[in-house]
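Here's a friendly walk through one protein model. Have a look at it first, and then we'll go through it piece by piece.

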Amino acid sequence: MKEHDSILVLDFGAQYSQLIARRVRECGVYSQIVPYTISAEEVRKAAPSGIIFSGGPSSVRTPGSPRPDAAIFSLGIPILGICYGLQVMCEMLGGHVTSSGRKEYGLQSIDIVDRSSILLKDVSDGSSIWMSHGDAVDSIPQGFHVTAVTPTCPYTAVEDAERGFYGVQFHPEVVHSVDGDKLIRSFVLDICKAKADWNMGSFVDEAVEAIRKQVGDRRVLCGLSGGVDSSVAAVLIHRAIGDQLVCVFVNNGMLRKNEAESVLDLFGKHFSMNLQYADSTDEFLSALKGVAEPEAKRKIIGKVFVDTFYREARKCGDISFLAQGTLYPDVIESRSPSGGPSSTIKSHHNVGGLPEDLKWELLEPLKELFKDEVRALGKELGLPDELVYRHPFPGPGLGVRCIGEVTKERLDTLRDVDAIFIEEIRKAGLYDRIWQALADLLPVKSVGVQGDERTYREVCTLRAVTSEDAMTADWYRMPYDVLQKAASRICNEVAGVNRVLYDISSKPPATIEWE
Ligand code: XMP
């Protein structure tokens, strides 16, 4: 790992440690998050170019609050303290922090009072910064001076450039701090002088090495869904341990058109993976017979999936690890700062409903990454663009898009509608502008006319949304001619449908999926 310069992020229990690490990675520099309890000796051995103290929920005024090894300040390595990190640094170096009892959240505009600060050289005066703190520094250690203020915070940025100590009360790592990324870049590249030679290729090498070390000669099982996350995880693990990885792909009968074939082709043939295919369509559909209520459908699909997955897993022989494509945003934080990052993070389980007594260890090689980083990694690993940039597709698949009862016939109809809609969007060159496009089949029939004949057929809706993170979404202003082509092809080519609607609801109040 020491081929690259690195920045060590000491985690004081912040919500944003990973975001700090990500901003450093964006500068082309490797960064590693470690618990704040790391000893100065271990830091010295790791020989980072710089250290960042993260924020954290504690108050330095509370006895027993987290503190780094004081000897870290004597290593001669530049340190940037963020929020709690600033406060703990000031307190330990002879300054003072006060608990005002008043919490300050939200945007402020920064007033730079020392334009010679290298840390702030690319931060515009008056630009927005994001604050979230209760305590505040009210006296700074000897050797420090103030470089920026806000109307409510006289110690917004402070530094002792001589010793390489910098601190900011705001959070430069969040996007709301408009020039925050520039501040981090100045710290990493200009102050720490780290070489920007790290990229996704380096991540692959490091991850491969780490997976080999963790797994040894044991075997890993991975549930492959054909989505980006599990695909990237599988290919990365395969690169590390080859045939020690067994993938299980469950066809629940609710996949998109040709999806099973393309997954088998790509992973089984192209990547020569050890891939076990379970076509459980009949099992899923018979369990869903007569069920129309959305939650009931979801529960059934989840249960049959887990049953199938474990049945298949038993056929795989001696397995020690379960691999998952868990990403950083899937990681639900419930951390106590004293435990450090890895010990208390709970994972969101993509497989859905892992049993309590899981006898496998979890292997989650993507859990430090954000979605766009996983996509870059997928490209680095040679996954095709159609897969890397594909729209999100829910685990229960077309089951949540067949509104009402899920039957083989209705699924076939929906598969055809969906394929035409996506094809027309791709033909128009719009696919990558859309977060997600989907079609639903409604539990409604309507009268139509085709040739000289009256028809009484199903109604489908088309939906396309733009979004950042699926938490909120806006309907996509689809050009009329694309809608016209899709609708006309659907009514002509899909036997079961004679009417097409376009959904113009945003989220909220609607959701992306209809269910
Ligand atoms: P909603 O419908 O809640 O969806 O606005 C938000 C995002 O989540 C996807 N989604 C799922 N993804 N398993 C998944 O892996 C699921 O059960 C599931 N349900 C919804 C949805 O497609 C959208 O991107």
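Arg23 is found in helix H1, which covers residues 17-26; helices here are DSSP runs (H or I) of at least four residues and strands are DSSP runs (E) of at least two, numbered from the N terminus. Is Arg23 buried or exposed? At 11% relative accessibility, Arg23 counts as buried, a label that means under 20% relative accessible area, with exposed being over 50% and partly exposed in between (1.4 Å probe, protein chains only). A polar atom of the Arg23 side chain lies 2.9 Å from the backbone oxygen of Glu173.

A quick word on ground rules: this is a predicted model, where local features need pLDDT of at least 70, side-chain atom pairs count only at pLDDT 80 or more, and totals for chains, interfaces and linings use all residues. Residues are numbered from 1 along each chain as its sequence is written, and side-chain values use heavy atoms, leaving out hydrogens and water.

Stepping back, the chain has 14 helices and 19 strands. Its C-alpha atoms fill a box of roughly 90 × 50 × 40 Å along the principal axes. Of the 515 residues in the chain, 54% are buried.

Now for the ligand. Residues around it count as near if one of their heavy atoms lies within 4 Å, and the surrounding set includes Arg298, Trp435, Gln436, Lys507, Ile512 and Glu513. By class, that shell has 6 nonpolar, 3 polar and 3 charged residues.

| Residue | Part of the residue | Distance to a ligand oxygen |
|---|---|---|
| Gln436 | side chain | 2.7 Å |
| Lys507 | side chain | 2.7 Å |
| Ile512 | backbone | 2.8 Å |

The protein covers 68% of the 500 Å² of accessible area that the ligand has on its own, with areas coming from the Shrake-Rupley method and a 1.4 Å probe.

On to the rings: the structure holds 16 aromatic pairs. Rings of Phe, Tyr and Trp (its six-membered ring) pair if their centres lie within 6.5 Å; planes under 30 degrees apart are stacked, over 60 edge-to-face, and the rest tilted. Phe73 and Phe165 make an edge-to-face pair, 5.6 Å centre to centre with 85 degrees between the planes. Why does this pair tie together parts that are 92 residues apart in sequence? Because Phe73 lies in the loop between strands E3 (50-53) and E4 (79-82), while Phe165 lies in strand E10 (residues 165-168). Phe73 is buried at 12% relative accessible area, and Phe165 is buried at 2%. Both belong to a cluster linked by ring pairs, along with Phe12, Tyr36, Phe53, Tyr84 and Phe144.

Arg22 has its charged end over the ring of Phe370, 4.9 Å from the centre (NZ of Lys or CZ of Arg must be within 6 Å of the ring centre and within 35 degrees of the ring normal). Arg477 lies over the face of Trp475, at 4.0 Å from the ring centre.

Last stop: Thr326, in the loop between strand E14 (321-323) and helix H10 (340-344). Thr326 is buried, with a relative accessible area of 0%. A polar contact of 2.7 Å joins its side chain to that of Glu364; such a contact is a pair of N or O atoms within 3.5 Å, and within protein one must be able to donate a hydrogen and the other to accept it, while residues adjacent in sequence count only if both atoms are side-chain atoms.

Definitions and conventions:
Ala, Val, Leu, Ile, Met, Phe, Trp, Tyr, Cys and Pro count as nonpolar, Asp, Glu, Lys and Arg as charged, and the others, Gly among them, as polar.
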